[in-house]
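This report describes selected features of one protein model.

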Amino acid sequence: MELKPFIMDHPLIQHKISLLRDKNTGSKEFRELVSEIAMLMCYEATRDLPLKEVEIETPVAVARTKVITGRKLAFVPILRAGLGMVDGVLKLVPAAKVGHIGLYRDPKTLEPVEYYCKLPSDIEEREVIVLDPMLATGGSAVDAIKLIKARGAVNIKFMCIIAAPEGLKALSTAHPDVQIYCASLDEHLNDHGYIVPGLGDAGDRIFGTK
């Protein structure tokens, strides 16, 4: 069964995306915004983590309360723009492991090319959240998740800040079992594969490159 994409409409997220889109926002502020948005999105993406009841002794009495149990987390940013989301999510889940997948888009074919893949050795035991600020054609996300599944992971989510309808459709079709979280669904892709209105090249804006 294909999972319906989760589009986040929280006012704080929408406000920060507006600042993110502004062409006058510099790299330092852009990086901070990407990290903050990722942290806010991670709050929602981890809503279904299982809990167990424990007893905690407070200064006043014994309390029966809850802690996360069972699933261990792994975050896997797609290089290089996905790196901008890592600090934000690790602030919420500092014990999570981090893998890395390197893919770049061939400027002529727009197809993803793999150049690096390093994942936690126990990836098959973890809930995996793949990170990439932009879901444009969907090619990189589809291939990254394919690599992760090939290494045994079965519980996978994908988190992006801005998505194009084309990328959303491509990822949902290729991996209908993967829950997609995005903060804005934009209009379309242009002839160069950029999301419209989008925010330009996320990697260039995060790292100050052209």
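The lining of the largest pocket comprises 15 nonpolar, 8 polar and 6 charged residues. The model is a predicted one, and this pocket holds about 720 Å³ of space. Its lining consists of 29 residues, and those nearest the centre are L103, Y104, R105, S140 and D201. Several elements each contribute two or more residues to this lining, namely the strands β4 (72-79), β6 (100-105) and β9 (134-135), together with the helices α4 and α6 (202-207).

Which residues line the second largest pocket? They are K23, T25, G26, S27, D204, R205, G208, T209 and K210. This lining divides into 5 polar and 4 charged residues, with no nonpolar residue.

Helix packing forms the next topic. Two packed helices are described by the angle between their axes and by the distance between those axes. The table gives these values for two pairs.

| Helix pair | Angle between axes | Distance between axes |
|---|---|---|
| α1 (residues 11-21) and α2 (residues 27-45) | about 155 degrees | 10 Å |
| α4 (residues 139-150) and α5 (residues 165-174) | about 25 degrees | 8 Å |

For α1 and α2, the angle is about 155 degrees. Angles over 145 degrees count as roughly antiparallel, and α1 is therefore roughly antiparallel to α2. The crossing of these two helices, α1 and α2, is left-handed. On the α1 side, the contact is made by L12, I13, K16, I17, L19 and L20, which meet E29, F30, L33, V34, E36, I37, L40 and M41 in α2. The residues of this contact between α1 and α2 are 11 nonpolar and 3 charged, with no polar residue.

The helices α4 and α5 pack at an angle of about 25 degrees. Angles under 35 degrees count as roughly parallel, so α4 and α5 are roughly parallel to each other. Their crossing, that of α4 past α5, is right-handed. Here A141, V142 and I145 in α4 meet A170, L171 and A174 in α5. The contact of α4 with α5 is made up of 6 nonpolar residues, with no polar and no charged residue. Helix α4 also gives two or more residues to the lining of the largest pocket.

Finally, two peptide bonds deserve attention. Where are the residues R80 and P197 placed? The residue R80 lies in the loop between β4 and α3 (86-92), and a cis peptide bond with omega of about 5 degrees joins L79 and R80. The residue P197 belongs to the loop between β13 (195-196) and α6. The peptide bond from V196 to P197 is cis, with omega near 0 degrees.

Note on methods. Residues numbered from 1 in each chain as written. Predicted model: local features only at pLDDT ≥ 70, side-chain atom pairs only at ≥ 80, totals over all residues. Heavy atoms only, no water. Axes fitted to C-alpha atoms, helices over the stretch in contact; angles between N-to-C directions. Helix = DSSP H or I, 4+ residues; strand = E, 2+ residues; numbered from the N terminus. Parallel < 35°, antiparallel > 145°, perpendicular 65-115°, else oblique. Left-handed = near helix turned anticlockwise from the far one by under 90°. Contact = heavy atoms within 4.5 Å. Nonpolar A, V, L, I, M, F, W, Y, C, P; charged D, E, K, R; others polar. 1 Å grid on protein atoms, 1.4 Å probe; cavity = no way out; pocket = protein on both sides within 12 Å on 5 of 7 lines; lining within 4 Å. Points joined across faces, edges and corners; volume = space filled by probe spheres on them.
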